Amino acid sequence: MLDISVSRQLRDFELSVDLTVKAGENLILTGNNGAGKSTLLNMVAGLMTPEQGHIVLNGTTLFDSGKRIDVPPEERRIGYIFQNAAIFPHLTVTENIAYGLRAMGMGKPLREKKVTGLIKQLNLDQLKDYKADQLSGGQKQLVALGRAIAIDPVLLLLDEPFRALDSTMYPIVKEYIQDVVRSRDIPCILVTHHISDQESLDRRTCRIHEGKIKDPVPLYQEAVQS
Amino acid sequence: MATHFRISKSLALVVAVTSIGLVVAYLALPIIALFFHTNPEQFISSLTEPKVIDAIVLSLITSTIAMGVIVLVGTPAAYFHSRMDYPGKSIVDILIDLPLVLPPAVAGLALLLLYGRMGLIGQYLHIFGIDIGFTIIAVIMAQIFVASPFYLRQAKALFRQLDPSYEQTARSLGASPLFVFATIVLPLTFEGLLSGLVMTFARALGEFGATIMVAGNLPGVTQTMPLAIYGAMQGDFNTAITISILLVLISFGIMAIISILTKRRGLIA
């Protein structure tokens, strides 16, 4: 479970968010550009420091301003996918997916076995030697997903993962995300503007406006209850 | 209409040929003149003179050390400068560029007033028996001062252009900052950094004004190739021409390397 309670003064407003995401839950975060969605993901990932508050993941404190705890991003084991997928342009698809395992010092035979399995699972066999500039937007997202999943993350953060996808890739990526979150039973925060994503992926949708959560009510449950 | 088009097209051709011809002639003729005043025998015989060899060796050693210092200190400095916001950053930007427009003689005098025997720091170093002025260290310091902007500017621009999401993704995948730098930042900027480095080496190799002020012109001690040209102009004209030709050849080679690197970078981008 992910428990977030953070605040930080941004340029135009104060970001102040209290949020809990359960294991296996796919929390959808929406909001206008500049509302603080990506900033929140960056704080959870450890790429930006909140001024106040705490972030606790599965009982482990990642950040606590009072206790002066701030676990560096490389020790948080969070699968974070950026809007642009950020596929390392000098590395092949295989090398991209293996990157996290290499950084963690995993031996080559084990690494290769794991990466090969992921490539097969993601149907990227044909593209395994390609570089970023030879991939479509959807293929890049799949590689980014594979790269994030490879490190066996305890949390997934996805920033607009559907933005660059065409109609063929969209259901594939969406289904894969759902599958990973459910089968691995990990919390996931997904930032998106797509209304349909919110409908079909969702357990809960939160709208963030000028740094504050505006709809913290579980919409899905509310709809069922009413 | 067609005639008008033909006239403007031929006019453009005339202007193009004339202007490009003028540029090429103006830049190439002095270089050609250098080669006209010598012959292969003279060139070889001057090249084997001890003072010429000394100047070449000294130039290569000092320029290489200067380049090494600039890379070791300049790479992290440029990286953090481009990735961080701090008070006075724009002043640091100006300071980095300053040696490009500062007359080398001013740079030399400034270095002398800092590290010379009576200088701000030099007077204290002198107490401990350390004298920097008019030594090989002074040569290297002058070269670092005038050549550093060529590397720093390039490195700053490359790091600034690099999308931070690559580094952030790498960190979140479990890579330490050093691992990220070695496996992401460096490979993605390597060719650009290398071309900046080659320019830095070229500038250090050709450094004259600051060196003569702070290090003097002592054969075998501080006399680099440009200083040796200056020294030889007093009587040994052939030696001056030989060293000049050598510097032209090195400079040409360096520019060719940069051109290849830039083209390769263009292809990758």
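This is a predicted model: local features need pLDDT of at least 70, side-chain atom pairs count only at pLDDT 80 or more; totals for chains, interfaces and linings use all residues.
The order of elements from the N terminus is accordingly given as α-α-α-α-α-α-α-α-α-α-α-α. Along the principal axes, the C-alpha atoms of chain B fill a box of roughly 65 × 60 × 30 Å. Of the 269 residues in chain B, 36% are buried. Among contacts in chain B with a separation of 6 or more, 76% involve residues 24 or more positions apart.

Within chain B, the packing of helix H4 (residues 89–101) against helix H7 (residues 136–161) was examined. The axes of these two helices lie 8 Å apart, and the angle between them is about 125°. Because angles of 65 to 115 degrees count as roughly perpendicular and those over 145 as roughly antiparallel, H4(B) is classed as oblique to H7(B). The crossing of the pair is left-handed. On the side of H4(B), the contact is formed by B:Ile96, B:Asp97, B:Pro99 and B:Leu100, which meet B:Phe145, B:Val146, B:Ser148, B:Pro149, B:Leu152 and B:Arg153 of H7(B). By residue class, the contact of H4(B) with H7(B) comprises 7 nonpolar, 1 polar and 2 charged residues.

Helix H6 of chain B, residues 122–127, includes B:Tyr124. This tyrosine, B:Tyr124, counts as exposed because it has 10 C-beta neighbours inside 10 Å, and the limit for that class is 12 or fewer. B:Tyr124 and B:Ala66 are 58 residues apart along the chain, and their C-alpha atoms are separated by 24 Å.

The contact between the two chains takes 16 residues from chain B and 18 residues from chain A. On the chain B side, helix H8 (164–172) and helix H9 (177–205) each supply at least two residues. H8(B) gives the largest share of this side, with 7 residues. The chain B residues that touch chain A divide into 8 nonpolar, 6 polar and 2 charged.

In chain A, helix H3 (residues 108–121) and helix H4 (residues 137–150) cross at roughly 140°, and their axes come within 10 Å. H3(A) is therefore oblique to H4(A), since the roughly antiparallel class applies to angles over 145 degrees. The crossing of H3(A) with H4(A) is right-handed. A:Lys114, A:Val115 and A:Leu118 of H3(A) make this contact with A:Gly146, A:Ile149 and A:Ala150 of H4(A). The contact of H3(A) with H4(A) is made up of 4 nonpolar residues, 1 polar and 1 charged.

Strand pairing was also examined in chain A. Strand S1 (residues 2–9) pairs with strand S4 (residues 52–57) in the antiparallel sense, over 6 bridges. A:Leu2 stands opposite A:Leu57 of S4(A). S4(A) is also joined by 4 bridges to strand S5 (residues 60–64), and these two strands run antiparallel. A:His54 has A:Asp64 in S5(A) as its bridge partner. The hairpin of S4(A) and S5(A) has 2 residues between the strands, and in this hairpin A:Asn58 takes a positive phi near 50°.

How values were computed
Residues are numbered from 1 along each chain as its sequence is written. Chains are lettered from A and ligands numbered from 1 in the order in which they are written. A residue is buried if 20 or more other C-beta atoms lie within 10 Å of its own, exposed if 12 or fewer, and partly exposed in between; C-beta atoms are placed from the backbone. Two residues are in contact if their C-beta atoms, placed from the backbone, lie within 7 Å. Ala, Val, Leu, Ile, Met, Phe, Trp, Tyr, Cys and Pro count as nonpolar, Asp, Glu, Lys and Arg as charged, and the others, Gly among them, as polar. Axes are lines fitted to C-alpha atoms, for helices over the stretch in contact, and angles run from 0 to 180 degrees between N-to-C directions. Angles under 35 degrees count as roughly parallel, over 145 as roughly antiparallel, 65 to 115 as roughly perpendicular and the rest as oblique. A crossing is left-handed if the near helix is turned anticlockwise from the far one by less than a right angle, and right-handed if clockwise. Two strands pair if DSSP finds at least two bridges between them.
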